[in-house]
Amino acid sequence: MRIASSHLITTCATLAAIILFVALGSQLLPTAIAGVDLHDDALPVAFLLNIAIILFGWRRSKDLREALDKYDRAERQAERNANTDPATGLANRRELMRALGDLLGSKNSGILLLLDLDHFKRVNDLHGHVAGDQLLKLVAQTLERECPEGSCCARIGGDEFAVMFEGGSTRDAEMVAQTILSKLAKPVDLGNVQVFVSASIGLAEVRRLQKEEDVLRETDFALYAAKRAGRNCFAWFDPELERELTDRVKLEEDIRSGIENGEFIPFFQPLIDLASRELVGFETLARWRSPTRGFLEAESFIEAAEKTGLIGPLTMKVIEQALNEAREWPGHLKMAVNISPVQFRDPQLAQHIMKLITEAGFPAHRLEVEITEASLLEDRDQVLSTIQSLKNVGISISLDDFGTGYASLAQVNNLPVDRIKIDKSFISTIVKSEQTAAIVNTITSLGHTLNVPITAEGIESEQVRNELGKYGCAEGQGYLFGRPLSADTVRTFLEMKERDASIDPAPLESEQDALARRRAGRGSW
């Protein structure tokens, strides 16, 4: 460095001048004391010049030393800034990875804790980013206070923190994790507001022969497990978690490509008038014809689609196909479609549905949109606005799986629904349980009071059908009347029924049932 080199040169020159000063002084001082007149004037001039050089060198060396100290302080500050999170004062991701590398290099044991705040975005949205920053600082203080001395506490992302313990047992780490969770679960005062926040924690042991990224990835898997377990808890890394999450990521990738390739198709389950046993329509159910996974029902992919935000395009693709198919059905048959609660986060949902029915030329009054009680947990005003927009064009609304969610009687009374569907978990046990029968009776009574017809799901026997007759259910669906059918099978059935009105949908097989029977060698359908 140039300043350091200049300082060294100046210091050396000054020392040389001091040595020369001593040498000259040893010659001049005895002569001056003896009062001897010097015949050579050069020696006093050199002596005085040497004094000037010493003074200049000392001053120059002092200035250079101050500049060097200032540079060192700036360098240390820059290094500190490069390894410190400015918002919380904790170490940053870079410093955490360095500490992890040192621990792995020392071959000592350790534990990495990864913490993520639950619903932190809600604090920013409701109270502003200033409140969010205050909360992050409080979390940082909690970590520094509760974690063992010598731990590396770091903020490695928006609301994600990490703590590396060197040494210590798994029990010690669990005690620290539980303490942190308990402290963060208490109400937090942020100026004029009080917020409630919790955290999820993933834990993983730091083992020999690992890389820093491997340790961090394992805590990520553990954190995912803690969130899936309900949040506000901790979980340890398990190799099974990695396999499961890898499978899930692959499933999500396959869903995305399946939507693009048109692999998701509609299947249709008959809806029957319980009094006349006449077909009144079909409920549309999504199915997946995957080239690698085979034929899958909705339970295998809907949850993953909801969590990745793919449920919207998936559902719209299926509805589009179903509308084009149902357009050719007899005019008195309706079509019901399920809408996920997640889709109600889209303020354009009603417009998307109306665009589909317009393009398909399908009458709006023949479409029934089924929503679940969980939809009411979303933005209630937006949900009501979407429902009202659909109703304004003639689409009817059905409250699906009633009795399994969170809807209160007041909410049901205020919802502009045209039908209530009782969940199959109640219907399947109605003849076995007096308690279940009482629940079904209460729901049907509510429907009659509100003048809203009731549909029963999951009817699988004549005994159940006869029992439901006592309660005045208007419609029913279930394996007693027919399993979900492909579009081709529905088309064939309707053509047959048009020729012979006495045909009942119950004998029809679903595509998967027919395939299973053919494989068993019982002939073809």
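Hi everyone, let's start with the largest pocket: β9, α9, α10 (311-326), β11 (334-338), β12 (367-372), β13 and α18 (511-519) each supply at least two residues of its lining. Those labels are DSSP runs numbered from the N terminus, helices being H or I of at least four residues and strands E of at least two. This is a predicted model, where local features need pLDDT of at least 70 and side-chain atom pairs count only at pLDDT 80 or more, while totals for chains, interfaces and linings use all residues. Residues are numbered from 1 along each chain as its sequence is written, and side-chain values use heavy atoms, with hydrogens and water left out.

A pocket here is an open set of points on a 1 Å grid over the protein atoms alone, where a 1.4 Å probe fits, with protein on both sides within 12 Å along at least five of seven lines; lining residues have an atom within 4 Å of a point. The largest one has a volume of about 1200 Å³, volume being the space filled by probe spheres set on the points, which are joined across faces, edges and corners. Its lining has 43 residues, and E283, L285, A298, E299 and N338 lie nearest its centre.

The second largest pocket has a volume of about 660 Å³. Of its 13 lining residues, H119, K227, R231, K307 and R345 are the closest to its centre. Helix α8 (239-260) contributes to this lining, giving the largest share with four residues.

Now to strand β14 (residues 419-422). Which way do its side chains point? R419 and K421 go one way, I420 and I422 the other, and all are buried, meaning under 20% relative accessible area with a 1.4 Å probe and protein chains only. In general, side chains in a regular strand alternate between the two faces of the sheet. β14 pairs in the parallel sense with β13 (residues 396-402) over three bridges; strands count as paired if DSSP finds at least two bridges between them. Opposite I420 stands L399. Strand β15 (residues 454-456) is also parallel to β14, over three bridges, and there A456 is the bridge partner of I422.

Methods. Buried means under 20% relative accessible area, exposed over 50%, partly exposed in between (1.4 Å probe, protein chains only).
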